[in-house]
Amino acid sequence: MIFKILVFGVVVFIVYTLFFKTSRGTVQNSAKTKKRKRDTDSDTMVECAKCSVFVSEKEAIIKDGKFYCSKECAGVK
Ligand SMILES: [Zn+2]
């Protein structure tokens, strides 16, 4: 019984923590969250499919679902 109460308490605590974290201005935060996600994505390093140079996803050129470090590698003129 006590164990059940403890588990229940932990679950409530976790749910509360998650809710508190995610609900920090959830209503007005969808745009902010998107922006933050984009910022995070910009830090992601991707490998050039041709020359294996790592380039940030933000600067990478995406062609046919692959990342390239430059237009030359992507074959774009
Ligand atoms: Zn390249």
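Let's start with A60: setting aside neighbours within four places in sequence, A60 is in contact with V46, V55, F67, Y68 and C69. Two residues are in contact when their C-beta atoms, placed from the backbone, lie within 7 Å.

Before going on, a word about what we are looking at. This is a predicted model, where local features need pLDDT of at least 70 and side-chain atom pairs count only at pLDDT 80 or more, while totals for chains, interfaces and linings use all residues. Residues are numbered from 1 along each chain as its sequence is written.

How confident is the predictor? pLDDT is its confidence in each residue, from 0 to 100. The protein averages 82, and 74% of the residues score at least 70. Confidence is lowest in helix α2 (residues 30-42), with a mean of 55, and highest in strand β4 (residues 66-68), at 95.

Now the overall layout. There are three helices and four strands, and along the sequence they follow the pattern α-α-β-β-β-β-α. Helices (H or I, at least four residues) and strands (E, at least two) are DSSP runs, numbered from the N terminus.

Back to A60, then. A60 belongs to the largest nonpolar core, together with F67, Y68, C69 and C73. A nonpolar core is a set of buried Ala, Val, Leu, Ile, Met, Phe, Trp, Tyr and Cys residues joined through C-beta atoms within 7 Å. Buried means that 20 or more other C-beta atoms lie within 10 Å of a residue's own; exposed means 12 or fewer, and partly exposed is in between, with C-beta atoms placed from the backbone. Of the protein's 77 residues, 6% count as buried.

So where does helix α1 lie, in the open or buried? None of its 21 residues is buried, so α1 lies largely in the open. Its length works out as well: at 1.5 Å a residue, the 21 residues of α1 (residues 2-22) should span 30 Å, and the end C-alpha atoms are 30 Å apart, which agrees. The expected span is 1.5 Å times one less than the number of residues.

Next, please find K63, in strand β3 (residues 61-63). K63 counts as partly exposed because it has 14 C-beta neighbours inside 10 Å. Leaving out residues up to four places away in sequence, K63 touches Y68, A74 and V76.

D64 is exposed, with 8 other C-beta atoms within 10 Å.

D64 has a positive phi of about 55 degrees, although it is not a glycine. S52 is not a glycine either, and its phi is positive at about 65 degrees. You will find S52 in the loop between β1 (45-47) and β2 (54-56), where S52 counts as exposed, with 9 C-beta neighbours inside 10 Å.

Methods
pLDDT is the predictor's confidence in each residue, from 0 to 100.
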